[in-house]
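Hi everyone, thanks for coming. Let me put today's structure up on the screen, and then we'll walk through it together.

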Amino acid sequence: MLEAAADILRRGGLVAVPTETVYGLAADATNDLAVAQIFKAKGRPSFNPLIVHVLTKEDAASHAIFSQKALQLAQAFWPGPLTLVLPRKPESQLSHLVSAGLDTIALRAPAHPVARLLLKKFGSIFAAPSANPSGAISPTTAEHVVSGLGDKVDMILDGGPCEIGVESTIVSVLDDKVTLLRPGGISLEKLENVIGEVAIHAHSSDEAIQAPGMMTSHYAPKTRVRLMAKPKNQDGVFLGFGEVEGAGAHDLNLSPAGDLTEAAANLFSYLHQLDALGHDIYVAPVPVKGLGVAINDRLARAAADKTDD
Ligand code: TXA
Ligand code: MG
């Protein structure tokens, strides 16, 4: 299976691969045509750059310049759900389509054993955005990939449900300044414990897109999502967090115990399930701390008007 998947990558094809965050849609990061297939399969705007997945920071260092702070972050969090945006080395053989023409590249060493085995068998590096149609809910199971992308993918490796369930945290480390571009699987608190103060990227609509995953409408279900809701909405389904009284037959709870790690792992899967019912989705408040920052970020995007992606 893994050998066949590595062969598909070598021939320029697409493989959906489980990572600890969400399923990725992988293609050879050095092959322009292969990378173009990713954009085509996802219906993704071509200006939106992709994350390059590597086994080790040594592999990453042949493509990007690691400052002392970048090294420290890779040392602390790789393999794992942290993506580093770093200056691209001029001699890097990466497809320029991967970084959408920018002079920086996004790199991460995934922790999932299947993703790591695929990198080993392939013997090179792959680009992989989340394996969903552009703007739709991210996939945390192989079934989500099948229903979103179906036969647009040459092979789907099934690694069961993703453990973390929200995408990686993205930080840029440029001129020795660390800036959070997307909250994700590693909390700001954990980052700052290792590296000291991290700047927060203030998103404004008129500036050049730095991490277009920050586009307002993203992770959007087909139905309406309403935030900060209370249970017992007659005209919709309820997605709870913590103790909920009087749950309806179709209601779900991200974590009855109020555990943010469990809630992150369930988030996309439950949005997929509730979306399939076709009713509006009412979501309980989720605390904005630790992994809750990433959860609230994804919920806000799911609730935003679907006009810009
Ligand atoms: O957990 C994850 O990060 C998953 C798994 C598959 O690894 N991948 C993922 O990829 O979420 P994607 O393509 O859905 O999100 C990548 C984000 C986008 O928001 C993109 O704009 C940003 O990374 N990005 C990529 N290269 C960048 C760069 N050079 N500068 C700034 N942002 C960049
Ligand atoms: Mg995505």
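Let me start with a term: a polar contact is a pair of N or O atoms within 3.5 Å; within protein, one must be able to donate a hydrogen and the other to accept it, and residues adjacent in sequence count only if both atoms are side-chain atoms. Some housekeeping, too: this is a predicted model, where local features need pLDDT of at least 70, side-chain atom pairs count only at pLDDT 80 or more, and totals for chains, interfaces and linings use all residues. Residues are numbered from 1 along each chain as its sequence is written, chains are lettered from A and ligands numbered from 1 in the order in which they are written, and side-chain values use heavy atoms, with hydrogens and water left out.

Now, the overall layout. The chain splits into domain 1 (2–66 + 87–164) and domain 2 (225–303), with bounds that come from an automatic or database domain assignment. Taken over C-alpha atoms, the centres of domain 1 and domain 2 are 29 Å apart. Domain 1 brings 8 residues to the contact and domain 2 brings 7 residues, where contact means heavy atoms within 4.5 Å.

How much area is buried between domain 1 and domain 2? It is about 690 Å², and carbon and sulfur atoms give 65% of that. Buried area here is the accessible area (1.4 Å probe) that two parts lose on being put together, summed over both. On the domain 1 side, I137, H144 and I164 lose the most area to domain 2, together 64% of what that side buries.

And the polar side of things? Between domain 1 and domain 2 there are 2 residue pairs in polar contact, both at pLDDT 80 or more.

Next, please find S99, in the loop between strand 4 (82–87) and strand 5 (104–108); strands are DSSP runs (E, at least two), numbered from the N terminus. Is S99 buried or exposed? Its relative accessible area is 2%, so S99 is buried. For these words, buried means under 20% relative accessible area, exposed over 50%, partly exposed in between (1.4 Å probe, protein chains only). The side chains of S99 and R88 make a polar contact of 3.1 Å. Leaving aside residues up to four places away in sequence, S99 touches P49, R88, T104 and I105.

Finally, look at A249, in the loop between strand 12 (236–240) and strand 13 (252–253). A249 counts as exposed because its relative accessibility is 80%.

Note on methods:
Helices (H or I, at least four residues) and strands (E, at least two) are DSSP runs, numbered from the N terminus.
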